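Me: Could you take me through this model slowly, and tell me for each term you use what it rests on?

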Amino acid sequence: MPKNFYITTTLPYVNAEAHMGHALEIVRADVIARYKKLIGFEVFFNTGTDEHGQKIYQKALENKQTPEAYTAFYAEKFQDLLKLLGVVETEGITRNFIRTTDASHVKSAQAFWQLCDKNGFIYKKNYQIKYCVGCELEKTDSDLVNGCCPDHPNRELEIRDEENYFFKFSEFQKPLLAFYDKNPDFVAPNFRFKEIRNFVEAGLSDFSISRLKAKMPWGIEVPNDSTQVMYVWFDALVNYISAIGWPADLEKFTKWQVETGGMVQYCGKDNLRQQTAMWQSMLLAAGLPNSKTVVIDGFVTGAGGIKMSKSMGNGINPVDHIGVYGTDAMRYYVTRELSSFEDTAMTAEMFKEAYNANLANGLGNLISRVMKMAETNLSEPVTVPEKTIPQEFFDLLEKFEIQKATDLIWQKIAEADKMIQETQPFKLVKTDKEKGVEIIKDLVTRLYTIGRMLNPIMPETSKKIKDLVKANKSPAAPLFLRKD
RNA sequence: GCCGAUGUAGUUCAAUGGUAGAACGGGGGACUCAUAAGCCUCAAAAAAUGGUUCAAUUCCAUUCAUCGGCACCA
């Protein structure tokens, strides 16, 4: 039985700066990837950028750039973000960064379309669009206020017909429900699974999967119809399999999507339907294996649960925070201080408090005090036994309960601090050297275990702890300096 | 409007049909290995109303408040 594991984030749409939601999703997927690697899996980690569509085309025009230059700029920015988040080259993990403008992806998306078409799930029909003559623009339902254009409320919207391709989503109600029944852990957390099941049970409508190329030139051309380009679904969602070589390299595809039991996907709650229903139907239509699990994140909000926005001025820029506090501090925050599945409020003040309490006073201080005693009182580095991580830690990560798993580490930190207070080894070595040394060795072993558990969560810190223990040295400078 | 969820110390969360736990923040104390850190200790909480029950924060109903979804926005 090969131990392979494939995990992917959704691809950020590159029409704006990266926000906390991106950081959250990328780090958590990386934590799971590193955890799987830790327990012996060979891991494929996919992320990238979604680069087609009307909005990007317009943004590029606004910036007086070609869409190619515009998306290249953002793709690079997101790659920089990955580095800042600690998503870097890691032994045992294949890192992949896909851009939906990659030639291989374009080919893959077209092949996927043709396969679904061949299987009879794509057809052409009239699609009615709402058009505001005042704006001279097409309007979507979500653009409208009380059924009218907000800028021209007194003008009647015109209904115009346009020919588009559609996907027969409606035929997948039963297959989807059957798939859900067979895979009771398909969506995490469970309340999101209920939500999507209700949605599917209520009935499905076919969705449109192309746009007129004349109107929207920045997209992947529909096979055998140069007048149309693919709308987002058959473009962006297909990245999860184009990333692992489908259909050009079926051996690679088999390794990561078949032998693994399917990909594990991370996404925000706004992506629930796309990932757990639409994309799964598309895979069924193509006769390809489904995803194994889709993990749904909550949102990061401002204080009081208010949506972060520029106008509110309550946004948190992950890049700025990493600049001040460091990569591992950000990884700590999104894994332990933000709920694994629910919305969580976050402010700069909360970040600082959590940093001081748990990284400076908690973890960092423990490292200093334990290693100082070790350096002073031990003649050689402690030999740490092989397996010291509690099984519970693995069980929690297996269920994507990253927050609870991280909590467990901080419990271990508190236990060690308490033990120092109760046994006072720093005093004991003066009266009973042997006994004092015994306790210090135990503390070093505990610290090393904490270092091991931190491996998926805070890889840099994990390595620093292990190196200090192996060298029997106290840190030259505090690992997490208090910020005032 | 419909569907779903949530409402617990100042804040962020937890457990529970029978003393409501924790963390941060706040007050006090003894200590010194450590980053004015750590440890001990104190104060501090169930949105409202009604019902079921010997007993409700927990179950049910209603009200109020907040959030999400109600599809072509990526």
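Me: What makes you say that α10 bends, and where does it do so?

Reply: In this predicted model, α10 bends by about 25 degrees at Trp-279, a figure that is the angle between axes fitted to the seven residues ending there and the seven starting there. The helix runs over residues 272-286 and has 15 residues, and from its first C-alpha to its last it reaches 21 Å, close to the 21 Å expected at 1.5 Å a residue. Just after α10, Gly-287 takes a positive phi of about 70 degrees.

Me: Why is α10 called mostly covered?

Reply: A residue is buried if 20 or more other C-beta atoms lie within 10 Å of its own, and twelve of the 15 residues of α10 are buried, so the helix is described as mostly covered. Among the buried residues are Trp-279, where the bend is placed, and Gln-275, Met-278, Leu-283 and Ala-286.

Me: Why is Phe-400 called buried, and what makes its backbone stand out?

Reply: Phe-400 has 24 other C-beta atoms within 10 Å, and since the cut-off for a buried residue is 20 or more, Phe-400 is therefore counted as buried. Its backbone is picked out by a positive phi of about 65 degrees, although Phe-400 is not a glycine. The residue lies in the loop between α14 (391-398) and α15 (402-423).

Me: Why does Asn-472 count as partly exposed?

Reply: Asn-472 has 16 C-beta neighbours inside 10 Å, and because a buried residue needs 20 or more and an exposed one 12 or fewer, Asn-472 falls in between and is called partly exposed. Its phi is near 50 degrees, again a positive value in a residue other than glycine, and its place is in the segment after α18 (459-471).

Me: Which peptide bonds are cis, and what are their omega values?

Reply: A cis peptide bond joins Ala-188 and Pro-189, with omega about 0 degrees, and Pro-189 is found in the loop between β7 (187-188) and α6 (190-201). The bond from Trp-246 to Pro-247 is also cis, with omega near -5 degrees, and Pro-247 sits in the loop between α8 (239-242) and α9 (250-258).

Me: How do you know that domain 1 and domain 2 touch?

Reply: Chain A is divided into domain 1 (4-120 + 172-214 + 231-297) and domain 2 (348-471), and their C-alpha centres lie 37 Å apart. Two residues are in contact if their C-beta atoms lie within 7 Å, and ten residues of domain 1 are in contact with nine residues of domain 2, so the two domains can be said to touch by that cut-off. Helix α1 (residues 20-38) gives the most to the side of domain 1 that touches domain 2, with six residues, and by class this side has seven nonpolar, one polar and two charged residues.

Me: What makes a group of residues a nonpolar core, and which residues have the most contacts inside the largest one?

Reply: The members must be buried residues of the nonpolar kinds listed for a core, joined through C-beta atoms within 7 Å, and the largest such set has 119 residues. Those with the most contacts inside this core include Ile-7, Ala-23, Met-230 and Val-370, and the core draws at least three residues from each of domain 1 and domain 2. A second, separate core of six residues includes Val-14, Ile-56, Tyr-70 and Trp-218.

Definitions and conventions: Residues are numbered from 1 along each chain as its sequence is written. Chains are lettered from A and ligands numbered from 1 in the order in which they are written. This is a predicted model: local features need pLDDT of at least 70, side-chain atom pairs count only at pLDDT 80 or more; totals for chains, interfaces and linings use all residues. Domain bounds come from an automatic or database domain assignment. Helices (H or I, at least four residues) and strands (E, at least two) are DSSP runs, numbered from the N terminus. Ala, Val, Leu, Ile, Met, Phe, Trp, Tyr, Cys and Pro count as nonpolar, Asp, Glu, Lys and Arg as charged, and the others, Gly among them, as polar. The expected span of a helix is 1.5 Å times one less than its number of residues.
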